[in-house]
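Subject: Structure handover

Hello,

Here is the structure you are taking over. Please open it first, then read the notes below it.

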Amino acid sequence: MHLTCLSLPAPDCLRRAIIPAHDDLPALPPGQAARWCTDTPVTCGDDAATRVGCWTGRTPLPHPALRARHHGAWQGRALRDLPAQDMAAWITDPHFAPPGGESLRDVLARAAAWLSCCPTDRGEMALVADALVIRALVLTTLGADAAAFAALDIAPCTRTVLTFHNRWRVRETGGIATF
């Protein structure tokens, strides 16, 4: 089984240091990356299903475990407006969650649960998700925990390939996926 993970472009608000709202997903224009989704089943977070479906021209298999991190009350707020001690905890404490939002530990747990149930009897599958979700899948594959999160970069608009042969393995990360 080959799982080709395509990380979504970053929302425009991040360039202005504003935390994205839950529905603040970038548009996916036609491009090279769409070709990885033409002949294989496509899955994505339930938050991105409509856009991924329009982009690929196919109906994706949405799953709530693959959605972007929920930032709760911090959605749409500028980083400079958040309390410094909360920002420090958000960066260093995997258990910290913004009010009404998810912790990093929560995202890692749901990604790990999805990967453990991912059908491995298919030849290929494409996954389109937020870079943070793909980081969580890679960390799960490597058996790493939240402490290793800061040591791994998965950039927006890149390709990561996981394979399954008796267990999940990381085959490739960082391949450019032109959207």
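Before going on, some ground rules. The model is predicted, so local features need pLDDT of at least 70 and side-chain atom pairs count only at pLDDT 80 or more, while totals for chains, interfaces and linings use all residues. Residues are numbered from 1 along each chain as its sequence is written, and side-chain values use heavy atoms, with hydrogens and water left out.

Around D145

D145 is found in the loop between α4 and β5. Helices (H or I, at least four residues) and strands (E, at least two) are DSSP runs, numbered from the N terminus. Is D145 buried, partly exposed or exposed? Its relative accessibility is 44%, so D145 counts as partly exposed. The cut-offs are under 20% relative accessible area for buried and over 50% for exposed, with partly exposed in between (1.4 Å probe, protein chains only). Leaving aside residues up to four places away in sequence, D145 touches R105, L108 and L139; contact means heavy atoms within 4.5 Å. P94 is 51 residues from D145 along the chain, and the C-alpha atoms of the two are separated by 9.6 Å.

The sheet

What is the strand order in the open sheet of six strands? The order is β3-β2-β4-β1-β5-β6, and the pairing is mixed. Because β3 (61-63) and β6 (168-176) stand at the edges, each with a single partner strand, one side of each is left without a neighbour in the sheet. On average, neighbouring strands of this sheet are turned by 20 degrees against each other, direction ignored. For such angles, axes are lines fitted to C-alpha atoms (for helices over the stretch in contact), and angles run from 0 to 180 degrees between N-to-C directions.

Strands of a sheet pair through backbone hydrogen bonds, either parallel or antiparallel. Here two strands are said to pair if DSSP finds at least two bridges between them.

Five of the six residues of β1 are buried, which leaves the strand mostly covered.

β5 continues the pattern with β6: six bridges join them, and they run antiparallel. L162 stands opposite V170 in β6. The hairpin of β5 and β6 has three residues between the strands, and N166 takes a positive phi near 70 degrees there. T163, in strand β5, has 3% relative accessibility and so counts as buried. T163 touches M1, H2, W168, R169 and R171, not counting residues up to four places away in sequence.

Helix α4 (residues 131-142) lies across β1, β4, β5 and β6, running at about 145 degrees to β6.

Another loop residue

T40 is found in the loop between β1 and β2. With a relative accessible area of 10%, T40 is buried. Its contacts, not counting residues up to four places away in sequence, are R58, E124, M125 and A126.

About 900 Å³ of space lies in the largest pocket. The pocket is lined by 37 residues, and the closest to its centre are R69, H71, W90, L132 and R135. Which helix gives the largest share of the lining? It is α2, with four residues.

The whole structure has one cavity of 30 Å³ or more, and the largest cavity holds about 40 Å³. Its lining includes L8, L25, G45 and V128.

On a 1 Å grid over the protein atoms alone, a cavity is a set of points where a 1.4 Å probe fits but cannot get out, and a pocket is an open set with protein on both sides within 12 Å along at least five of seven lines; lining residues have an atom within 4 Å of a point. Grid points are joined across faces, edges and corners, and a volume is the space filled by probe spheres set on the points.

Regards
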